[in-house]
Amino acid sequence: MTDWNAMSDAEFRKEVHQFFETEYPEELRHLPHRPKFAEIEHWHRKLHTKGWVAPAWPAEYGGMGLNAAKLLIFYEEQQRGGVNRGRDMGVQMVGPLIIKFGTQKQKDYWLPRILSCEDIWCQGYSEPGAGSDLANLRTRAEIDGDDFVINGQKIWTTMAHDASHIFMLVRTDPNAPKKQQGISFLLAPMDQPGVDVRTITTLSGETEFCEVFFDNARTPRENLVGELNKGWSMAKALLSFERIFIGSPSLAQNALGQLESFARGRGAYDDPVFRDRFAQAALDVEDHAALYARFADQLKRGETLGADVSMLKIWVTECFQRITELMIEAAGPDGGTVGPLQVGNVSVDVLASFYKARPTTIYGGSNEIQRNILSKAVLGLPD
Amino acid sequence: MTDWNAMSDAEFRKEVHQFFETEYPEELRHLPHRPKFAEIEHWHRKLHTKGWVAPAWPAEYGGMGLNAAKLLIFYEEQQRGGVNRGRDMGVQMVGPLIIKFGTQKQKDYWLPRILSCEDIWCQGYSEPGAGSDLANLRTRAEIDGDDFVINGQKIWTTMAHDASHIFMLVRTDPNAPKKQQGISFLLAPMDQPGVDVRTITTLSGETEFCEVFFDNARTPRENLVGELNKGWSMAKALLSFERIFIGSPSLAQNALGQLESFARGRGAYDDPVFRDRFAQAALDVEDHAALYARFADQLKRGETLGADVSMLKIWVTECFQRITELMIEAAGPDGGTVGPLQVGNVSVDVLASFYKARPTTIYGGSNEIQRNILSKAVLGLPD
Amino acid sequence: MLSSDQEDLRLLRESARTLFERAGGSGRARKLRDASGGWDSDMIGELAGAGVFGVTVPEANGGLGMGLAAGGVIAEEVGRVIAPEPVVLTIGLSLGLLRRLRPDHPKMEQLINGETTLAVAWQERGPGGAPADATCRYADGKLTGSKAWVVGAAGSHGFLVVAGGQNGPVLVLTEATADGLSVDKRVQADGSSLGELSFSGTPAEQLAEGSAVQDALAEAISDVTALAAAELVGLSDRAFEITLDYIKTREQFDKPIGSFQVIQHRAVDLNVMLEVAQACVREVLAQMDCETVPKIRARLASRAKARAVTAAKKITRDAIQLHGAVGYTDEFDIGLYLNRALVLSAWLGDDVYHRRIWLDAREEEGVAQ
Amino acid sequence: MLSSDQEDLRLLRESARTLFERAGGSGRARKLRDASGGWDSDMIGELAGAGVFGVTVPEANGGLGMGLAAGGVIAEEVGRVIAPEPVVLTIGLSLGLLRRLRPDHPKMEQLINGETTLAVAWQERGPGGAPADATCRYADGKLTGSKAWVVGAAGSHGFLVVAGGQNGPVLVLTEATADGLSVDKRVQADGSSLGELSFSGTPAEQLAEGSAVQDALAEAISDVTALAAAELVGLSDRAFEITLDYIKTREQFDKPIGSFQVIQHRAVDLNVMLEVAQACVREVLAQMDCETVPKIRARLASRAKARAVTAAKKITRDAIQLHGAVGYTDEFDIGLYLNRALVLSAWLGDDVYHRRIWLDAREEEGVAQ
């Protein structure tokens, strides 16, 4: 097995780049939507054969065992190449959870199935009354013999209609004194009569999000991960490494590139007023990348990231939105038109970018919540 | 005595305009600072002879008795002509207070002295611990024989160093259950050993604001205006008509005019990026004026203004700030230079305008407080 | 033309609002979008019955003669319920052209009565795109060439086309079913479509020619631009109401989110922006009714559109954020308002564009503060 | 030149901070402003003793040879205490020119040792104002003409003047006391002054001539621009700290104002702006140390200055608002930071200016995302 961490950063980047460059199917590059598994299955097989499905997992569980520095390079190259992350909830969320908190039996059973995509996972966190205030969740799981019986509703469950399993936070002790207590982590099969999935249509007409209804759905007791009623702190622990990725420059960088080609094609790029606004956006992205690099260096030095990493997400998502708003402006009379707009050799779907940018300031902890966190945890401002 | 209200608006405007145009001393037009009384005394005498010192007071007390429509015209012409408002705290604040809540004896004694400027008034509201939270004031007044004895400190007392009297809110019942209760309205002479005035130097080097210290200062009990411990609601009643003036377009309009001359002289006006920002500012001012006109119409129809009038102040002060920031930009390498900058025939003190705009979002109830008020009183948002 | 008085406008607003609400408010817009993306001919009849289309047409020509200020009232109400019918288009552009050039033409009455709708094809792709540079030609009773960005192309019975004729620009009329006419439709964010028209020897009737066409077009564009601004104001007004209701009721952390100061101040800022936009656009419409110089009317219209677009963009985008995740779904109405704002902002020039021409015009006129 | 390593920079930062704090922090700046508006020659000696002025000068020429990244560390610390001494001016511009053109000249050592200070007169009023268009002439050992916007003119012992010579541009040296030199001082917001220099046959020593002068000037301007950005970052950093402390302690409505969500979020936005600016400027300085192409170095410097000005303007202005009325008084230090930010923003081009030249340069180089 290759010890990737022993390679120089440059060598490793080259290797990753080359693989994505030559092996990734062209027709899947920079996919504008989240694919169903069937659409990317052939790519997944390739990745699986290569052993690259789970870059962050330890090698003993079939991962690449990358350290933070290498992991960042891996993701950077993935994003740069427009390589779809695939149906990676299992790899990103369930795997690390099981590796950290699961029993040996759980590891042996679930981890290989995640790598092979025999199971396709979705994440059941949010509920209609539990968005920013996630701890307010009400979906109940009660022990009944060897099973948990689940009742309630999840929402914003990405791609639940194409998943075989759900990992979810459920309330197992409704009488706990604080709402953060009494929450547990459960794995459950989707393919059963008590589970009903309905897609949600978004503004842009996409149907990636779902509602999932549980009506006496069942899952074996052995599908509890970690201790009963301790799910909240486990969920929070999972998020810590994730937080730098949600603040990564890539979405904004890609949008900026699109804006530039589009504006050049449209002539807006020659207009001084547009140029000033473009320069602002471009510098916002470039300077964000400098801050991102500072946090990435922290990770590379083996330090853990503090709450201040949230500032990356605030900045980059709002910047992303401004960039897509500039696209609309540059489109002039076509600014309300659905679908790709052709300019010269490039075709840019202005409206799709605009829509895509909208929820980024809402999901992953809304920017308002992030500001609350920074205000308390970083600036130490009082209640 | 002329019945001004019987005139047509246009006639009245012409009359007022003409008077200010021909009689107001040129050297006092658009004064960049607040004058001491001595500096404008000759103008005050003229105004007094004309009977125009107190446009809003009823004619029986020596005022012009203008209705709302005429009053707005009067002030508009005053501002347009760059006519200094003079030392008008007596006319604007003390007079209306005494007319509304004072005894006959108080009216007979104080009102003529206000008109003649025999007494020059300053306003003692704010304290170091009572700014946005004015009701938190701590200056005490205790009855001692025929006098009140005053101890405490006022701050931001405009031109206190050139005033003979102060009208102030003081705490007369420290044990009242709510802090808005137990506050009274007192008139007091400044020229006594227990009153100490110190000027405050501002960022721009001006010394218009003062601190006033009271150390067993005295004022006769008959200088209590209205009922004991009822000062808070009286003070609020006084503000209602004032609130449209603090949102008047004039400051921003004047600044915009200066910006335009300056930018034309400097060449910035030919730069498309500057032009876009200038157009934004100019439209912000023009569209604010449309909203101002809507509120003015309400007054003219004899309606009272609601809390929504606060939006004028929020908009226009922030707009004023942006305009002065554009001046700094247009000044380029001279943007940090103190004093007037010459361009062609005009001379614009860019930095003075910039400084002048700073506190407008703070005084008269900070814009944050105004937003709190709008949010509750107009939008009905919950606590 | 004199502006109607405040009381007339108030009554007009009331009746228009009642009419739209009875017809189903914004729910009707959603149904129509989901059905076909078109509009409702019964509704067009009802609107015509209420005198809506002829609101700015002089009484002598069969209208109400109430002026643009009244047209703005209608446009605001259209905006509030995001009605898909071509109300602003008809009042401002189709009738705006016809009443100036051919008040005698039978289509006038049909438009006012709601028996027909006509889209106006006046722009072309390529540099400029102004009528003087028209590459779309009219000769011997036939049209050849193409026109772009035709609003209402999908549902109209015919087109008013500005083309290059033998003696300068012409205004001609062609039927939607005419030979040699093809309409390429591009779907817009709100479900409506923009038409790209191609003519190859399409028969058309000449209605007017010469500089009068250009003048009338410029005037009609000023009108429709200011009315589109009013539609955006109405849209923003309702989008804000919806959002305000939402933040008063949606709870997180056991409190309505509208109790958080940050949310409150943001709502205040949207409210202030809305009030400024409303005051601006209403003032502009009233002034346009009293103003006869075309360039000044154009400048006023630009002022209105610049402000209305700025406000509508800000209000609808912030409204999505204030709704949180549900704002991003198609289930909540707020998204319909966002989408309609996108379309109306792009139509006839956005805020950046209109600020520029406003300042240029102001300078040319020597208007200074 | 290679950038110093992180540990060296950390130690440098620590010692510079200690030096400035021991000398009285921002209180010293206030005292000097109230006294005379000048600077403190003892402090200049102390700074020289710590090697500050020679930080970017190669060791072979008597400096520390630590590169611009180290210069930026010093500049940030200067900014934090708003020290009035011409540190950035000397490191970036005076020594930036001399070390490139005349490393052998005795003034090098005097500048490094703090025995002398030299202001640099390179700009002129009128269109362009670039050295190539200089109307200020040097011939037969004498200067004639005028120079504008000379920073540090009030306290310097002499001037490095870029003028037009007989064989292209020249760099000449003249003493502050030279005959035929008059200095018109314009007071700046922070109490410093900008000089307008007039020469009428003023004797001066030629140091260099030809295109080398222009090249060295361009390079020195890149350096000083980036260092001024670092000074603004240091200034913003401290202005933010002061403000954060204030909102934690100032009470209204029986609570610290920093407990209100609106204030909290505003503080967060300033903090984010600050961190972005700091990351940007530090990255730029390190990159400039590794970059040899002058145009790229100029583009990097513009990026730094654009960001630093944007951040400093926002942070110091919002800081005044967050302080409320006291922020507007001269008694609180925050006003000193506002005033210094005004001066540093205007010097060498503000954010709008640098964004423009940044984008032009990016395009010319063909740098795309």
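Visitor: What span should helix α8 of chain C have at 1.5 Å a residue, and how far apart are its end C-alpha atoms?
Guide: The 30 residues of α8(C), 261–290, should span 44 Å, and the end C-alpha atoms are 44 Å apart, which agrees. The expected span is 1.5 Å times one less than the number of residues. Helices here are DSSP runs of H or I with at least four residues, strands are runs of E with at least two, and both are numbered from the N terminus.

Visitor: What kind of model is this, and how is it numbered?
Guide: This is a predicted model, where local features need pLDDT of at least 70, side-chain atom pairs count only at pLDDT 80 or more, and totals for chains, interfaces and linings use all residues. Residues are numbered from 1 along each chain as its sequence is written, chains are lettered from A and ligands numbered from 1 in the order in which they are written, and side-chain values use heavy atoms, with hydrogens and water left out.

Visitor: Back to α8(C). How many of its residues are buried?
Guide: 24 of the 30, so α8(C) is largely enclosed by the rest of the structure. Buried means under 20% relative accessible area, exposed means over 50%, and partly exposed is in between (1.4 Å probe, protein chains only).

Visitor: And α4 of chain C, how many are buried there?
Guide: 14 of the 14 residues, so α4(C) is largely enclosed too. The helix covers residues 67–80 and reaches 21 Å from its first C-alpha to its last, close to the 20 Å expected. Just after α4(C), Ile82(C) takes a positive phi of about 40°.

Visitor: What does Ala230(C) contact?
Guide: Leaving aside neighbours within four places in sequence, Ala230(C) is in contact with Gly72(C), Ala75(C), Glu76(C), Val281(C) and Leu285(C). Contact means heavy atoms within 4.5 Å. Ala230(C) sits in helix α7 of chain C, residues 211–249. Its relative accessible area is 0%, so Ala230(C) is buried.

Visitor: How far is Ala230(C) from Ala75(C), C-alpha to C-alpha?
Guide: 5.6 Å, although the two are 155 residues apart along the chain.

Visitor: New topic. How much area do chains A and C bury between them?
Guide: About 3,100 Å², with 54% of it on carbon and sulfur atoms. Buried area is the accessible area (1.4 Å probe) that two parts lose on being put together, summed over both. The contact takes 40 residues from chain A and 33 from chain C.

Visitor: How many salt bridges cross the interface of chains A and C?
Guide: Six. A salt bridge is a side-chain nitrogen of Lys or Arg within 4 Å of a carboxyl oxygen of Asp or Glu. Arg266(C) forms a salt bridge with Glu368(A), the closest N and O atoms being 2.8 Å apart.

Visitor: Which helix of chain A gives the most to the side that touches chain C?
Guide: α10(A), with four residues. By class, that side of chain A has 18 nonpolar, 12 polar and 10 charged residues. Ala, Val, Leu, Ile, Met, Phe, Trp, Tyr, Cys and Pro count as nonpolar, Asp, Glu, Lys and Arg as charged, and the others, Gly among them, as polar.

Visitor: Is Asp334(A) buried or exposed?
Guide: Buried, with a relative accessible area of 3%. Asp334(A) lies in the loop between α9 and β9 (341–343) of chain A. Leaving aside neighbours within four places in sequence, Asp334(A) is in contact with Arg266(A), Leu341(A), Arg125(C) and Trp149(C).

Visitor: How many salt bridges does the structure hold over all chains?
Guide: 148. One of them joins the side chains of Glu325(B) and Arg317(D), at 3.7 Å from N to O. That pair crosses between chains, from α9 (310–331) of chain B to α9 (294–323) of chain D. Arg317(D) is buried, at 10% relative accessible area.

Visitor: Where do Arg28(D) and Glu85(D) lie?
Guide: Arg28(D) is in helix α2 (25–35) of chain D and Glu85(D) in the loop between α4 (67–80) and α5 (87–101), so the pair ties together parts that are 57 residues apart in sequence. Their side chains meet in a salt bridge of 2.8 Å, N to O. Arg28(D) is buried at 9% relative accessibility, and Glu85(D) is buried at 3%.
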